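Visitor: Please take a close look at a single part of this model and describe what surrounds it. I would like the cut-offs stated along the way.

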Amino acid sequence: MAFIGGYEMKKVAVKELTHEQITWFVELVERMRNGDPYRVDCRVLGVIRNYCADWSLAGPIIERERIGIYHTDDGFTASTIAVGKINYVEGAHLLPAAMRCYVLAVFGDVVELPE
């Protein structure tokens, strides 16, 4: 396990992240895109904008990143192409599936979270 900022880190599959964790990673990516060098402190997750529930936040990302969303019998499938690789995620709800797909496209299949 790696140590970052005094926290011991654990590896977690993107497909297993909670909505709160997905939102934290989306916030991190959006801050990095805007040139903000500061990481988002995991302890303040409750004050971060909720990308998994708010269309006004997630919609522009879905459009900008060209995330395809498809309705299935079990919920939704979201897909996008990043670095020549097709990424897709299934989920019961549309926005979490789309935001999870975004995190997968940026960070890959596995991310590190503080324990």
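Guide: Thr77 is buried, at a relative accessible area of 14% (buried means under 20%, exposed over 50% and partly exposed in between, with a 1.4 Å probe and protein chains only). The model is predicted, so local features need pLDDT of at least 70 and side-chain atom pairs count only at pLDDT 80 or more, while totals for chains, interfaces and linings use all residues. Residues are numbered from 1 along each chain as its sequence is written, and side-chain values use heavy atoms, with hydrogens and water left out.

Thr77 belongs to strand β4; helices (H or I, at least four residues) and strands (E, at least two) are DSSP runs numbered from the N terminus. Apart from neighbours within four places in sequence, Thr77 is in contact with Gly68, Ile69, Tyr70, Thr72, Tyr88, Val89 and Glu90, where contact means heavy atoms within 4.5 Å.

The strand order around this residue is β3-β4-β5, an open sheet of three strands with antiparallel pairing (two strands pair if DSSP finds at least two bridges between them). At the edges stand β3 (68-72) and β5 (85-91), each with a single partner strand, so one side of each has no neighbour in the sheet. On average, neighbouring strands of this sheet are turned by 20° against each other, direction ignored; axes here are lines fitted to C-alpha atoms, for helices over the stretch in contact, and angles run from 0 to 180 degrees between N-to-C directions.

Strand β4 covers residues 75-82 and pairs with β5 in the antiparallel sense over seven bridges. Ser79 has Tyr88 of β5 as its bridge partner. Tyr88, one of the contacts of Thr77, also has the charged end of Lys15 over its ring, 5.4 Å from the ring centre. A charge sits over a ring if NZ of Lys or CZ of Arg is within 6 Å of the ring centre and within 35 degrees of the ring normal.

Turning to aromatic pairs, the structure holds two. Rings of Phe, Tyr and Trp (its six-membered ring) pair if their centres lie within 6.5 Å; planes under 30 degrees apart count as stacked, over 60 as edge-to-face and the rest as tilted. Trp24 and Phe25 have ring centres 4.6 Å apart and planes at 80°, so this pair is edge-to-face. Phe25 and Phe107, with centres 5.3 Å apart and planes at 65°, are also edge-to-face. Trp24, Phe25 and Phe107 form one aromatic cluster.
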